[in-house]
Amino acid sequence: MRRADPVDDYRAAVARLDLLAEDVAAERSQEAVLDALADLRVAVAQAYRGQRRRSESGGARGRILRHLTKHLGEWVSSDEIAAVSGIGEWARRVRELRWEQGYEIEEGGGRYRLLAVSPDLARQTRFRSVSAIRVMDGPVDGRVRTLLQTLVGTAVTADELDRVAHGKTGVAVARQIRNRDLLPIETDADAPDLHAGEHRLVSVRESDLLHPSQRLFPEDLRRQVFRRDQFTCRTCRRQHSGAKTVTVTAFYLQIRHLDAAPDAVVDLPANRVGRLARLAASCSDCLLAADLT
C-alpha cells in the first residue's frame, strides 16, 4: 500500500535498489530492479506534483545531450538513451539534436555517439533551409525540386526529401522529376560517393540537362552499367571520382548505346535498348559529341 508521504515512497524505492545492487552486478533480478525504478519515478512525480522541469534543463533532449557529452566519442546503446531520456519518443529527440541543433551524432547498430561537443553551424543553417522549403505552398514536386536546387552540388538525404514531401516518398518524387524534366540528378547508381537514398542535382544550367534518351534507361540498369565500367567514361576515360577538368558542361555519367547515336536510340527495338553488353558509361561531353557525329 502506498504511503501518504511521497518522500517515504522515494526512500523505500532507493532502499530497494540498494538491496538489489549485488543482483545488478550479477545481472540477476532484472524485473525486480525495473519495478523499484518504476516506484522511484512515481515517487518523484508525486513529490513534485507534476511540476514541469525548469526550461534551462532542456527536458529529455537536454538529458540525452548531457549523457552523450559525458561519454563523448563513446558508443551509447539505444536502451541507455531511452532510460536517460525518460520518454518513449527519445529517437525523435536524437534526430532533433542532430538536424535541428546541428550536433554530429553518429548512429550504427542501435548505438549512438557524439563526435564533437559544439554543434555544426552549417548543419543548423541547412536544417533551417529545409524547414523553410517544407512550409512553402504549391505541389510536392515543386518543393522537392526547390530543395535540390537550393542544395545543388551536394548530397540531399532521403530524410530531407521526405521532410519537404509532407509524408510522400521524397525519393520517388526526385526520380520522377529526373525522368520528366531531365534534370541531372544523381543517385548512388550514378555516383560512387553517394549512399542509398541520397540524391544530388549536379547543375541548374539548362545546357546540363540529361539527353532525352536517358528516359529509356532505368536506375537499376544504370547501376549495372556504371558499376561494370567503374564509373568511368568509356570514351575519354575520365572517372567520376577524379573528374576535375573544367568543361563547357558539368561532369556526370549517362548511358551511351553502342549501336545508335543518342537521338536514334528511341528507334531501336525494345529488346535491344536495354541489352547490357551494348551499353556504355559516357560523360555528358562525350555523349553530346556522339550525338553530333
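Contact here means heavy atoms within 4.5 Å. The model is predicted. Each exercise below is followed by its solution.

**Exercise 1. Find which residues of α6 are buried and what covers them.**

Step 1. Use the cut-off: buried means under 20% relative accessible area.
Step 2. Apply it to α6. Trp90, Val94, Glu96, Leu97 and Arg98 are buried.
Step 3. Look for the elements in contact with these residues. The cover includes α4, α5 (78-85), β2 (105-108), β3 (111-114) and α7.
Step 4. Glycine 102 follows α6, and its phi is positive, near 85 degrees.

**Exercise 2. Describe the second largest pocket: its volume, its lining and the classes of its lining residues.**

Step 1. Start with the volume. It is about 350 Å³.
Step 2. List the lining. It consists of Arg92, Arg95, Glu96, Trp99, Glu100, Phe127, Val130, Asp159, Glu160 and Arg163.
Step 3. With 5 residues, α6 gives the most.
Step 4. Sort by class. The lining has 7 charged residues, 3 nonpolar and no polar ones.
Step 5. Link back to Exercise 1. Glu96 is a buried residue of α6, and Glu96 also lines this pocket.

**Exercise 3. Work out how the buried and exposed residues of α3 are placed around the helix.**

Step 1. Check the length. Helix α3 covers residues 30-48, 19 residues in total. From first C-alpha to last, α3 reaches 27 Å, close to the 27 Å expected at 1.5 Å a residue.
Step 2. Pick out the buried residues of α3: Val33, Ala36, Leu40 and Ala43.
Step 3. Ask where they point. They cover an arc of only 80 degrees around the axis, so they lie on the same side of α3.
Step 4. Recall the helix rule. An α-helix has 3.6 residues a turn, so residues three or four places apart point the same way.
Step 5. Turn to the other side of α3. Gln30, Glu31 and Arg41 are exposed there.
Step 6. Find the packing partners. The buried residues of α3 pack against α1 (6-19) and α2 (21-25).
Step 7. Go past the end. Arginine 49 follows α3 and has a positive phi, near 50 degrees.

**Exercise 4. Compare glutamate 27 and phenylalanine 231: where does each lie, and is each buried or exposed?**

Step 1. Recall the background. Most residues other than glycine have a negative phi.
Step 2. Read the phi values. Glutamate 27 is not a glycine, yet its phi is positive, about 60 degrees. Phenylalanine 231 has a positive phi near 55 degrees.
Step 3. Glutamate 27 is in the loop between α2 and α3. Phenylalanine 231 is in the loop between α11 (219-228) and β6 (253-257).
Step 4. Glutamate 27 is exposed, at 75% relative accessibility. Phenylalanine 231 is buried, with a relative accessible area of 12%.

**Exercise 5. Locate histidine 67 and name its contacts beyond four places in sequence.**

Step 1. Find the element. Histidine 67 lies in helix α4 (residues 59-70).
Step 2. Check burial. With a relative accessible area of 15%, histidine 67 is buried.
Step 3. Leave aside neighbours within four places in sequence. Histidine 67 is then in contact with Val76, Glu80 and Val84.

**Exercise 6. Find how far apart aspartate 120 and tryptophan 99 are, in sequence and in space.**

Step 1. At 36% relative accessible area, aspartate 120 is partly exposed.
Step 2. Aspartate 120 and tryptophan 99 are 21 residues apart in sequence and 9.5 Å apart in space, C-alpha to C-alpha.

Methods
Residues numbered from 1 in each chain as written. Predicted model: local features only at pLDDT ≥ 70, side-chain atom pairs only at ≥ 80, totals over all residues. Heavy atoms only, no water. 1 Å grid on protein atoms, 1.4 Å probe; cavity = no way out; pocket = protein on both sides within 12 Å on 5 of 7 lines; lining within 4 Å. Points joined across faces, edges and corners; volume = space filled by probe spheres on them. Helix = DSSP H or I, 4+ residues; strand = E, 2+ residues; numbered from the N terminus. Nonpolar A, V, L, I, M, F, W, Y, C, P; charged D, E, K, R; others polar. Expected span 1.5 Å × (residues − 1). Buried < 20%, exposed > 50% of the residue type's maximum accessible area, 1.4 Å probe, protein only. Arc of directions from axis to C-beta.
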